[in-house]
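Please look at the sequence and the model first, then read on.

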Amino acid sequence: MSVLTRDEAQTRAGLLDVHRYTIDLDLTGGDETFDSHTLIAFSARTDGDTFVEIKPAELRSVTLDGQPLDPESLDGNRLPLKNLTAGEHELRVHAAMRYSRTGEGMHRFTDPTDGETYVYTQLFLDDVQRVFAAFDQPDLKAVFELSVRAPQGWTVLANGVTEHTGDGRWRAAPTPPISTYLVAVAAGPWHSVRTEHRGLPFGLHCRRSLAPYLDADADELLDVTRACYDRYHEKFDEPYPFDSYDQAFVPEFNAGAMENPGLVTFRDEFVYRSAVTDTERQTRAIVIAHEMAHMWFGDLVTLKWWDDIWLNESFAEYMGYQILTEATRFTDTWTDFGVARKSWGYDADQRPSTHPVAPEAVDDTASALLNFDGISYAKGAGALRQLVAWLGEKDFLAGINTHIARHRFANATLADFIDSLAGATERDVHAWADAWLRTTGVDTLTPHIAPGDHGTCALTVDRAGSRPHRIAVGLYDRDLGDDGGHLVLRERLHLDLPQDGAQPIGKRPALLLLNDGDLGYAKVRFDPESFETVRKDLSGLPSPLTRAVVWNALRDAVRDGELAPGAYLETARAHLPLETDLAIVQGVLAFAATHITDRYLTPEERPAALATLSELCRDLIRRTEDGDNPGLRLIAVRHRIGAAAHPDTIAAWLADGTVPGGPELDPELRWRVLARLAVLGATDEAAIAAELQRDPSATGQEGAARCRAALPDPEAKARAWAAMFSSDDLSNYLFSATARGFWQPEQADLVREYVPRYYADAVPVADRRGPAIATAVGRDAFPAHAVDADSLHLGEQCLRDADPGPALRRSLVDQLDDLKRALRVRQAHTA
């Protein structure tokens, strides 16, 4: 299949105006394919040749202006349209299209709980071709009129309000002009909760088997949706531009959500079947706010080409966190951003695959798909947050509203966006864009405190990097009260870098913290005295956002080989039992488990590290015995399970169905325990089958797949490997579940022979199954536990000789860079 290049898209956009798509889909034809009829009304500005994209199972007929075209002329995914004359044209295409099991195109899913079937589209970035014929590029916007024939008892959702016209036929209201990748259909026997807000239909939809869980959270979901909707209308001059707002929670979804106008689709793990923390509820709310921001920035005003991905994602990322903070009970969202998202951006920006937030050119759609990463989301949002602080929110919003007004229902570029902002301020926004959006890498800021006269000090900051920064500097003194261990903010200075001379700071503080408040995007270091204060008194810092900055600095120091992994664990052991912010607790434990114990420490050091984590989690569990912090207790229980080196305690929990003192083991915790028991060789296939009978849901199927792959048995490993790499039967979610169970540090000897097999088998399955599975192969099936030179050599040889496709190549480049980093960390701290 041919990918669309930037040059081809520009040529086609110069030739065509696309007016309207009339699409008729028939979903009643069986499990493998569906019928797709498309009428495209378009005009050519001049005489010329072009093509339309489609990826059919069978191309049945094509007519252009009433004249038949040869279906055999289809070349890959391109149907040539030759000898077009200037003027109006109609193209009709009839095809059979394949359902997907990988979350791309028209995904089909049968719920194992009740046997009901659901289908939904995910057409991003260029997968509309899997559903209907289209001129598939974002700057050829058009009106879409959609009708669908569905099985009896199904409901059809789409971008516009849908009407059932009888006999299983549904018609959606025509859309305003939107891009092809934003068209959406979701069909099945949905359970729906419907209401209205400010005259607009609102809906929540999920599988019937999830109905009780959606109903339990419907008030919370709708409250967040209404609050965000109202706040966006206070921020934006342009009203919400579509006729309804449906949110559908769909199965086996590859992303967190997708901003289809009028029909946002979410992964249905956000319909919680088991207990979750308030931070996880906040994350769900952030996703709701993020996708709603896209209704204006992405859907109403859309990028012209994929080099401006950040115009969509960075803006929605920033607005999602900010709007939620302003409009809902979730007022500490930026702490979660600092812990969970910013580190994602920092890590991505230090790999060989890094790219500017706004790259100069993205050559084709395959390259574009790779840039939906921590840079386009987290780094871009971090840069926007600093821009807002620099410009002031009033001028920022004035520029945004100008931009929306200029380009509504059309397309825009980085230059358009910067021009709109520049018109609202006297500051040099163009220079800011060059420094922040056109460059790569993370600057590192290191403080130096020099003594002055009369017991005073002065601060200078070394900047490893080239960007300008405006940061806050927190000066903290020890509280001399009876309690001890507390730090009090003396003063917060604002510093522009590069710095012009030393900054007087008065008497020496116990802790000097660069980027206090986390408005900057940079790694920060500590002077020696401040590091000693952090080591002793980190938990005594008054603000969770300040503590998040400190924990991120420690994390970065470990990754850069400047702080021993064991020292990070000791700091966590000392201070995490006193932490009150759930996002920080979760972030620190996750880094300790997945990076330090599993990768940065040697196999000989790992048991002691797991014991430290277990003791830490036991402390947290004891601290929460009174039941006043169930979220903290849940986090501790989860990580206690993951760190278990012996099966007795967690096996007793599973047998009793509860942790002593709570919580009771819900399905998520039961599968978590069983997976760890499988790793430790303390369960078997019979127990897994019994648990699956107890929980036959989709997540139960995934849990069973993970447990079976984790069994320390050669036959179990062989079956799991064959399912992933020799068969194409696993859906995207079952592939990932199997992969996550397969590699375990405790089983390194058992799976040693599979490390070279991974590099031999990864490329063929990725080529066969497409980008979504290729990404899973690189992300979930990579042997991350194998931190050794042999695995690195095999990976580099694969990149050099096996010609992996773009998605897998990008994943492997990143994974191998992380492997090199782990080797460097080990080398730096090995006696």
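Which residue in β17 is the bridge partner of His205? The bridge partner of His205 in β17 is Ala248. This is a predicted model, in which local features need pLDDT of at least 70 and side-chain atom pairs count only at pLDDT 80 or more, while totals for chains, interfaces and linings use all residues. Residues are numbered from 1 along each chain as its sequence is written, and side-chain values use heavy atoms, with hydrogens and water left out.

- Helices (H or I, at least four residues) and strands (E, at least two) are DSSP runs, numbered from the N terminus.
- Two strands pair if DSSP finds at least two bridges between them.
- β16 (residues 200-206) pairs with β17 (residues 245-250) in the parallel sense over four bridges.
- β16 is also joined to β15 (residues 191-197) by seven bridges, and these two strands run antiparallel.
- His197 stands opposite Leu200 in β16.
- β15 and β16 form a hairpin with two residues between them, and Arg198 in the turn has a positive phi of about 50°.
- Six of the seven residues of β16 are buried, so this strand is largely enclosed by the rest of the structure; buried means under 20% relative accessible area, with a 1.4 Å probe and protein chains only.

**The eight-stranded sheet**

- An open sheet of eight strands with mixed pairing has the order β5-β4-β7-β2-β1-β10-β13-β12.
- β5 (67-69) and β12 (162-166) stand at the edges with a single partner strand each, so one side of each has no neighbour in the sheet.
- From one strand to the next, the twist averages 20°.
- Strands of a sheet pair through backbone hydrogen bonds, either parallel or antiparallel.
- β2 (residues 33-44) and β7 (residues 87-98) run antiparallel and are joined by 12 bridges.
- Phe42 stands opposite His89 in β7.
- Helix α1 (residues 6-15) lies across β1 (16-26) and β2, at about 100° to β1; axes are lines fitted to C-alpha atoms, for helices over the stretch in contact (heavy atoms within 4.5 Å), and angles run from 0 to 180 degrees between N-to-C directions.

**Cavities**

- On a 1 Å grid over the protein atoms alone, a cavity is a set of points where a 1.4 Å probe fits but cannot get out, and lining residues have an atom within 4 Å of a point.
- Grid points are joined across faces, edges and corners, and a volume is the space filled by probe spheres set on the points.
- The count comes to five cavities of 30 Å³ or more.
- The largest cavity has a volume of about 60 Å³, and its lining includes Tyr346, Asn515 and Lys523.
- α12 (544-559) gives the most to the lining of the largest cavity, with four residues.
- The second largest cavity has a volume of about 50 Å³, and Ile23, Phe144 and Val183 are among the residues that line it.

**The second largest pocket**

- A pocket is an open set of points with protein on both sides within 12 Å along at least five of seven lines.
- The second largest pocket holds about 510 Å³ of space.
- Of the 25 residues that line this pocket, the closest to its centre are Pro603, Pro745, Ala748, His785 and Ala786.
- The elements that give two or more residues to its lining are α14 (582-600), α15 (606-623), α23 (754-769) and α25 (789-801).

Terms used:
Buried means under 20% relative accessible area, exposed over 50%, partly exposed in between (1.4 Å probe, protein chains only).
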